[in-house]
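User: I have a structure open and would like to go through it step by step. Can you take my questions as they come?

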Amino acid sequence: MPKVSEEYFEAKKLEIIDAAYRVALRKSISSMTLMDVREEAGMARGAIYRYYNSLDDVLISLIEKINHDNSYLEEVQKIFSRQDSLSPDKLLKRVCDFLYSYLTSREMDIHSLSLQFDIFCIHEPERVKEMLAKAEIPNNNFSYLMQNMYEYIKDQTKSGKLHPVMPAKKLIDYFFTIYKGIQLQYTLEEKMGTDSYDAKTTINAMYKTMLALLGIDIG
């Protein structure tokens, strides 16, 4: 295929992905159809099949693009690259400060789609598993952060610097369940325009809870 044709092909795929993004925000991932995407992209009937075989293929590309455009793997690497020079309370504070920064600096649409995808997973878990198995996502943002936290807590517990009240895996699940709840409430409040939710104070409370459950006494 000539180079210009490859560029055209990729450009058209990007148009379709962008159209799917807009439809998902307006109609939700769970209820959107391939026809919705085709009409949003302004394509003739059947033309979309030159680029994608199904709606799930479009959604896979959408997931890949959102994950790539909003990657925070480097930020997580920077935090944990300093774990030997930071006390556990300071490192965890950096994690929580990062989560707050990520929450408040990204477009609200990104958080909205993230929560939509969670709901989509609940409604159609097998379909989502098949989609994620095909997606080219070397390291999912959230999973990568959770894995680094898990390894850190395990290592620090082994060295005697942490004294968690329960196994590391259960603590990690608990911490990020709290964060997901904060993300949900923050997104709802922003969408409603109420401005009554103090995400910074709530994340600070999560930080203090983390310290207590990990056996860290900072006075």
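User: How many helices and strands are there in the protein chain?
Analyst: The protein chain has 10 helices and zero strands. Helices (H or I, at least four residues) and strands (E, at least two) are DSSP runs, numbered from the N terminus. Read along the sequence, the pattern is α-α-α-α-α-α-α-α-α-α.

User: Where does the model come from, and how are residues numbered?
Analyst: This is a predicted model, in which local features need pLDDT of at least 70, side-chain atom pairs count only at pLDDT 80 or more, and totals for chains, interfaces and linings use all residues. Residues are numbered from 1 along each chain as its sequence is written, and side-chain values use heavy atoms, with hydrogens and water left out.

User: What does the C-alpha trace span?
Analyst: Along its principal axes, the C-alpha trace of the protein chain spans about 65 × 45 × 30 Å.

User: What share of the residues is buried?
Analyst: Of the 219 residues in the protein chain, 40% are buried. Buried means under 20% relative accessible area, exposed over 50%, and partly exposed in between (1.4 Å probe, protein chains only).

User: Which residues have the most contacts inside the largest nonpolar core?
Analyst: They are Val 37, Phe 80, Leu 145, Met 149 and Phe 175, in a core of 68 residues. A nonpolar core is a set of buried Ala, Val, Leu, Ile, Met, Phe, Trp, Tyr and Cys residues joined through side-chain atoms within 4.5 Å.

User: What does Phe 175 touch?
Analyst: Not counting residues up to four places away in sequence, Phe 175 touches Met 149, Ile 153, Met 206, Met 210, Leu 213 and Leu 214. Contact means heavy atoms within 4.5 Å.

User: And contacts over the chain, how many join residues at least 24 apart?
Analyst: Among contacts between residues at least 6 apart in sequence, 71% join residues at least 24 apart.

User: New topic: where is Asn 148?
Analyst: Asn 148 is in helix H8, residues 141-158. Its side chain reaches the backbone oxygen of Tyr 144 at 2.9 Å. Not counting residues up to four places away in sequence, Asn 148 touches Val 76 and Phe 80. Phe 80 is also among the residues with the most contacts inside the largest nonpolar core.

User: Is Arg 38 buried or exposed?
Analyst: Arg 38 counts as buried, because its relative accessibility is 11%. Arg 38 is found in helix H2, residues 34-41. Leaving aside neighbours within four places in sequence, Arg 38 is in contact with Met 43, Ala 44, Arg 45, Gly 46 and Ile 48.

User: Where is Ser 28, and what about its phi?
Analyst: Ser 28 is in the loop between helix H1 (3-27) and H2. Ser 28 has a positive phi of about 90° although it is not a glycine. Ser 28 counts as partly exposed, because its relative accessibility is 23%.

User: Which loop holds Asn 53?
Analyst: Asn 53 is in the loop between H2 and helix H3 (55-69). Asn 53 counts as exposed, because its relative accessible area is 63%. The C-alpha atoms of Asn 53 and Glu 126 are separated by 19 Å, and the two are 73 residues apart along the chain.

User: Last one: where is Ile 178?
Analyst: Ile 178 is in helix H9, residues 168-192. Ile 178 is partly exposed, with a relative accessible area of 24%. Ile 178 and Ile 203 are 25 residues apart in sequence and 8.9 Å apart in space, C-alpha to C-alpha.

Note on methods: A polar contact is a pair of N or O atoms within 3.5 Å; within protein, one must be able to donate a hydrogen and the other to accept it, and residues adjacent in sequence count only if both atoms are side-chain atoms.
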